[in-house]
Amino acid sequence: MSAFFKSRSTQLTILVISFLLVFIPYFINIPGLDWFSTKLMTIAAVTNAFTIGIAVYSQYKRSGRFIMERRKGWIYHIYLVLLMIFMIFNGIVFGQHTGGYDWLLKAVVTPLSSVIYGILAFYMASAGARAFRARSPQAALLLIAGLIVLLYQAPLTGSVFPGIEPAATYLTNTFGMSVARMFSISVCIGAIVLGVRMLTGKEVAFLGFGEE
Amino acid sequence: MVEPLFEIPGLFAGRTVGFLLIILIFVLTIYYMSQKKLQYVRRVPALDAIEDAVGRSTEMGKPVICSYGLGGFSYWTIAGLSILGYVAKLCAETDTRLIVPTGGSHDSYIVREAAVDLVRNAYTTAGKAEMFNEEDMPFLSGEQYAYTPAYIGMLVRDKPGTTIMTGSHWSEAMNIAEMSNAVGAITITAGCYTSSMAALACASDYIMLGEEQPAAGAYLSKNPSQLASIRVQDIYKFIAVGMMILGLIAINAGSEIINRLISS
């Protein structure tokens, strides 16, 4: 039975049926088919939720191996396991919005996440400093455009250099926006063609299969 | 709300032209794939660089780190998995250690299972099943900003020769790419987040833009019928640009015909 579900043809058949069940009701008004589509999406969401359970189990198993074999960093795995137990216990007993779960999320996870997001500015600055060198006319043009937009974003620039704002707005709203829209269009087309390759069984990496 | 130019009974109003365009993409793609004729496809430097970068890691005796993004199953992730499959095949053939950080969001665990199967299959196909080590595919976290420092920690500890970051990486991509650069790895990334793409391009040695990533699976397979499917993307881009120019002319001439057509 397991081999049947793991076979490439079974998975592709399920894929095509699922695709038709979601694709057709979006465009064609067929009463009843919409119900199937909604149910299918609910099934996908429930399956996804189950995988979190598998994730927790795998993480325990992996950490357990680290601890038992005293591998490098095993002490952090004790910390990880204890925290997981703490979060699961508090989440189930006291809910997500009160008690230890909520406190740990607001007092530890959120501030630490903010720190990681905050240091993005320094990484951007170092990448920018390395890349913004006028080695060619194109690079010089990019440098000037980048400088104008950067100065516009900086505090007080508007009052010191009033001319910067219209230039930066023009660059952002014309060149920046048109490029972003062309990016979206090309990605959409690429995604649809990728979808056709998936449905015809040419692209199967997402099912865990390699090349034939 | 623009009034539709026409309606087809049974089809939802406002979705008719979209439906016809999608059907046309399907027909054209299948037609070009059935031709099995090698079409001209422009080079994608970021994808061409993967083989060289893995070779460099092999020569230096350093591992390759390749991630497929931190989202659930989306077209970005699927494209990322195609690239991962190719990288895993190269690493298996050249006896290079491959590290695949997984996780990053609550939806990412379901993808991890497919990724593990994919890498295992690549090693098995290369006849080196014993080289596959699931420990090198750790689940870092279900949270984006816990995943990021864990990924950076791996970069610092393992000092890879190459970092390939594809799929749906968001703001954390910048932190990872810059750190990868700092440890001296060749950094190949794929931009999927418009706001950080320019900065990511600065931090990377090679970057895939726009439809280059969704086309990666076909491009890397070097299979004529798959490569032919990329041709459809170019045809449709011309159609999109043509529609935009026509729309611009029509709007300036006081006509809303193109707006009404695409709203049909």
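**Figure 1. A salt bridge joins R65(A) and E135(B).** In this predicted model, the closest N and O atoms of the two residues lie 2.7 Å apart. Across the interface of chain B and chain A, the rule finds 3 salt bridges. Polar contacts also link the two chains, with 18 residue pairs found across the interface.

**Figure 2. Several helices of chain B supply the side that touches chain A.** The elements that give two or more residues include α1 (16-35), α3 (75-94) and α4 (108-125) of chain B, as well as α9 (224-252) of chain B. The largest share, 10 residues, comes from α9(B). By residue class, this side of chain B divides into 39 nonpolar, 19 polar and 8 charged residues.

**Figure 3. Chain B and chain A bury about 5,500 Å² between them.** Carbon and sulfur atoms give 70% of this area. Y109(B), E135(B) and Y145(B) supply 11% of the area that chain B buries against chain A, more than any other three residues. In terms of contacts, 66 residues of chain B meet 57 residues of chain A.

**Figure 4. Helix α3 of chain A spans residues 33-68.** This helix has 36 residues and reaches 53 Å from its first C-alpha to its last, close to the 52 Å expected at 1.5 Å a residue. Among the buried residues of α3(A) are L33(A), N48(A), R62(A) and F66(A). Their cover includes α2 (8-27) and α4 (74-94) of chain A, together with α4 and β4 (139-141) of chain B. Just after α3(A), R70(A) adopts a positive phi of about 50°.

Conventions: Residues are numbered from 1 along each chain as its sequence is written. Chains are lettered from A and ligands numbered from 1 in the order in which they are written. This is a predicted model: local features need pLDDT of at least 70, side-chain atom pairs count only at pLDDT 80 or more; totals for chains, interfaces and linings use all residues. Side-chain values use heavy atoms; hydrogens and water are left out. Contact means heavy atoms within 4.5 Å. Buried area is the accessible area (1.4 Å probe) that two parts lose on being put together, summed over both. A salt bridge is a side-chain nitrogen of Lys or Arg within 4 Å of a carboxyl oxygen of Asp or Glu. A polar contact is a pair of N or O atoms within 3.5 Å; within protein, one must be able to donate a hydrogen and the other to accept it, and residues adjacent in sequence count only if both atoms are side-chain atoms. Helices (H or I, at least four residues) and strands (E, at least two) are DSSP runs, numbered from the N terminus. Ala, Val, Leu, Ile, Met, Phe, Trp, Tyr, Cys and Pro count as nonpolar, Asp, Glu, Lys and Arg as charged, and the others, Gly among them, as polar. The expected span of a helix is 1.5 Å times one less than its number of residues. Buried means under 20% relative accessible area, exposed over 50%, partly exposed in between (1.4 Å probe, protein chains only).
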